[in-house]
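I set out to look up how parts of this structure meet one another and what lies around its ligand. My entries follow.

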Amino acid sequence: MKSELIIGQSRLFKKALEDLDKFAKSPWPVLITGETGVGKELLAQRVHFFSLRNKGPFIPVNCGALPPGLFESELFGYERGAFSGAVQSHRGLVRTAQGGSLFLDEIGELDLTLQVKLLRLLESQEIRSVGACRVETVDVRIIAATNRNLEELVREGRFRHDLLERLSVLPVHVPPLRERSEDIPVLAQEILERMGAVTEGTDLSCLSTFDWPGNARQLKNFLIRAYVLGGTHLGHDFLSRLLAKERGKLLGPALAEPSLTGVTLADIERQVVIDRLKRCHGNRKRAAKELGIAKSTLHEKLRKWKLDTPEEAWPLYREPQYPAIAP
Ligand SMILES: Nc1ncnc2c1ncn2[C@@H]1O[C@H](COP(=O)(O)OP(=O)(O)OP(=O)(O)O)[C@@H](O)[C@H]1O
Ligand SMILES: [Mg+2]
């Protein structure tokens, strides 16, 4: 696989990258933490690319997207007849990652029973297919990532301390863009040039005045929009106007319009709650805590807005799943 160009000149980012490159060469697990969109998956690919296993596969698994009932069989495989519907045996993602790296993304979303199953793999590199008697040894390097604070989850009893200890032998924290604002114009320039935009003479410094809560992913999407709407030569005024809209979006799409006519306080409240739930990957307890309201109040609001059942709310919270990257 190829390593995508990773951009960043700030001291903070370079330090993270330096650690990561040293970690890549070793056989131990790496834990990458940081807010959404900071580039955790990109960096996980880099760990694999710079490791001695780079001829082997890089297999990403989104722990937050796999239903708990499927996690064990998807990861460890199953024997024929292990359960109704298991007409053929299945080798599972861990075996598919043999000789390479298994990227456990959104590891903080994994529930406690599944965490125990991972522990065995991390402790002894052993797995057992569902329905099998035999334990098998595998040769797989674990790279994990999360935007959650795992220490906090351990304190709340929602993440196993022993699993955290094993995952975080080599930890890397990727700082958010707002803490390394000097990276914003350089990243923007690279993204625009890759799309074929002419950046010569364009002042991109206005982009550093924004916090980019969705980090590099938000910046990238913003620049795609700018390129599509503004053409190859982007003027400073055009970028500033578009940025003002982006700022408005923080308080909901309705507020991105120049006029607030027709927007009610209830609209704003609903949008703030939805945005927060999205950032918390649908975790209501955490969203309520961050919003400074009781969990029961949040439930009440969601019921009122008809966003209470998983079916109603699902499309709001989920991001698309990753395809597996073959060697
Ligand atoms: N330093 C960087 N240089 C170049 N591109 C970057 C950088 N950081 C992030 N990106 C780009 O930003 C986008 C988001 O990155 P990525 O998916 O790796 O983020 P993430 O931290 O895994 O986010 P999430 O927690 O939401 O899954 C990708 O398109 C990635 O290529
Ligand atoms: Mg990711």
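**Surroundings of the ligand**

I note at the start that this is a predicted model. I looked up ligand 1 and found 17 residues around it. The closest are Thr36, Gly39, Lys40, Glu41 and Ala216. I then sorted the shell around ligand 1 by class, which gave 6 nonpolar, 6 polar and 5 charged residues.

Next I asked which helices contribute to this shell. Helix H2 and helix H9 (215-230) each supply at least two of its residues. I also checked the domains: domain 1 (11-175) and domain 2 (180-250) each give at least three residues to the shell.

**Helices H1 and H2**

I turned to H2 (residues 40-49) and its partner H1 (residues 11-24), whose axes come within 8 Å and cross at roughly 40°. The crossing of H1 and H2 is right-handed. On the H1 side, the contact is made by Leu20, Phe23 and Ala24; on the H2 side, by Leu43, Arg46 and Val47. I counted 5 nonpolar residues, no polar ones and 1 charged residue in this contact.

**Helices H9 and H10**

I then examined H9 with H10 (residues 236-249): their axes come within 11 Å and cross at roughly 130°. This angle makes H9 oblique to H10. The crossing of H9 and H10 is right-handed. Phe222, Arg225, Ala226 and Gly230 of H9 meet Phe238, Leu239, Leu242 and Glu246 of H10.

Note on methods:
Residues are numbered from 1 along each chain as its sequence is written. Chains are lettered from A and ligands numbered from 1 in the order in which they are written. This is a predicted model: local features need pLDDT of at least 70, side-chain atom pairs count only at pLDDT 80 or more; totals for chains, interfaces and linings use all residues. Axes are lines fitted to C-alpha atoms, for helices over the stretch in contact, and angles run from 0 to 180 degrees between N-to-C directions. Helices (H or I, at least four residues) and strands (E, at least two) are DSSP runs, numbered from the N terminus. A crossing is left-handed if the near helix is turned anticlockwise from the far one by less than a right angle, and right-handed if clockwise. Two residues are in contact if their C-beta atoms, placed from the backbone, lie within 7 Å. Ala, Val, Leu, Ile, Met, Phe, Trp, Tyr, Cys and Pro count as nonpolar, Asp, Glu, Lys and Arg as charged, and the others, Gly among them, as polar. A residue is near a molecule or strand if its C-beta atom, placed from the backbone, lies within 6 Å of it. Domain bounds come from an automatic or database domain assignment. Angles under 35 degrees count as roughly parallel, over 145 as roughly antiparallel, 65 to 115 as roughly perpendicular and the rest as oblique.
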